[in-house]
Amino acid sequence: MTKFLLSLHVLAAVLTVGPVTVAASMFPRFLRHALGSPGDGPALASLSTLHRICRVYAGIGVAVPLFGFATASSLGVLGSAWLIVSIVLTTAAAAVLALWILPAQETALAGVEERAEAVADSPLPRRLAMLTGVFNLLWATVTVLMIIRPGSTTGA
Ligand code: HEM
């Protein structure tokens, strides 16, 4: 059962965090392009698709901690320090995505759609690139923690 839950946990991480990482990392570059060529329909469509990928896969990504907690309770490691640190970092990554990245993408998208001057002059692309970097660093750290499990005596 533990192996089944762990497989679902890792599968969910690969299938959801992967697409969000790629789409969120591409968004600032596509935003710069869309801002540089107002009225470019395909550029707006690409930007909108990247945002949709981030939003939809972030939603499905809730499965990662759900299966993570199920795996942890099945293994009896819920009190382990490496797991608690991972939970805190996963929560921080989710907060950066839900509270900053997705709303900033929405603001940028609305601005490009309305050809708003405020967005054209704003530091949004740089801010989004920075936030996405923080998000990527957080979940990459969690992945390393999940594999190394410092202090764990339950496996290699
Ligand atoms: C609340 C958040 C999370 C919890 C409670 C959790 C829990 C766990 C547990 C209990 C294991 C099994 C460790 C073992 O075999 O002893 C595991 C493995 C793993 N987790 Fe998580 N996890 C969480 C978030 C994440 C995230 C955000 C990622 C990646 C984006 C991730 C990627 C992995 C990977 C790749 C493994 C396999 C490691 C290995 O077997 O070598 N986890 N997780």
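A crossing is left-handed if the near helix is turned anticlockwise from the far one by less than a right angle, and right-handed if clockwise. With that in hand, welcome to a predicted model, in which local features need pLDDT of at least 70, side-chain atom pairs count only at pLDDT 80 or more, and totals for chains, interfaces and linings use all residues. Residues are numbered from 1 along each chain as its sequence is written, and side-chain values use heavy atoms, with hydrogens and water left out.

**Overall fold**

- The protein has 6 helices and 0 strands, where helices (H or I, at least four residues) and strands (E, at least two) are DSSP runs numbered from the N terminus.
- Along the sequence, the pattern reads α-α-α-α-α-α.
- Taken along the principal axes, the C-alpha atoms fill a box of roughly 55 × 25 × 20 Å.

**Helices α1 and α2**

- Helix α1 (residues 2–36) packs against helix α2 (residues 41–60) at an angle of about 155 degrees, and their axes are 8 Å apart; axes are lines fitted to C-alpha atoms, for helices over the stretch in contact, and angles run from 0 to 180 degrees between N-to-C directions.
- The two helices are therefore roughly antiparallel to each other (angles under 35 degrees count as roughly parallel, over 145 as roughly antiparallel, 65 to 115 as roughly perpendicular and the rest as oblique).
- The crossing of α1 with α2 is left-handed.
- Contact means heavy atoms within 4.5 Å, and the residues that meet include Phe27, Phe30 and His33 in α1 and Leu50, His51 and Tyr57 in α2.
- This contact of α1 with α2 divides into 18 nonpolar, 4 polar and no charged residues; Ala, Val, Leu, Ile, Met, Phe, Trp, Tyr, Cys and Pro count as nonpolar, Asp, Glu, Lys and Arg as charged, and the others, Gly among them, as polar.

**Helix α4 and its partners**

- Helix α4 (residues 81–113) and α6 pack at an angle of about 160 degrees, with axes 9 Å apart, which makes α4 roughly antiparallel to α6.
- Their crossing is left-handed, and the contact of α4 with α6 comprises 21 nonpolar, 6 polar and 1 charged residues.
- The axes of α1 and α4 come within 11 Å and cross at roughly 30 degrees, so these helices are roughly parallel.
- α1 passes α4 in a left-handed crossing.
- Val20, Ala24, Phe27, Leu31, Ala34 and Leu35 in α1 meet Leu97, Gln105, Ala108 and Val112 in α4, a contact with 9 nonpolar, 1 polar and no charged residues.

**The iron site**

- His9 (NE2) and Met146 (SD) coordinate the iron atom of the ligand at 2.0 to 2.1 Å; donors are N, O and S atoms within 2.8 Å of the metal (3.2 Å for Na, K and Ca), and water is not among the atoms, so sites may look incomplete.
- The pair links distant parts of the chain, with His9 in helix α1 and Met146 in helix α6 (residues 124–148), 137 residues apart.
- The site of the iron atom is octahedral, with angles of 82 to 179 degrees among its 6 donor atoms (six donors count as octahedral if opposite donors are over 155 degrees apart and all others between 65 and 115).

Methods
Four donors count as tetrahedral if all angles lie between 85 and 135 degrees; four count as square planar and six as octahedral if opposite donors are over 155 degrees apart and all others between 65 and 115; anything else is irregular.
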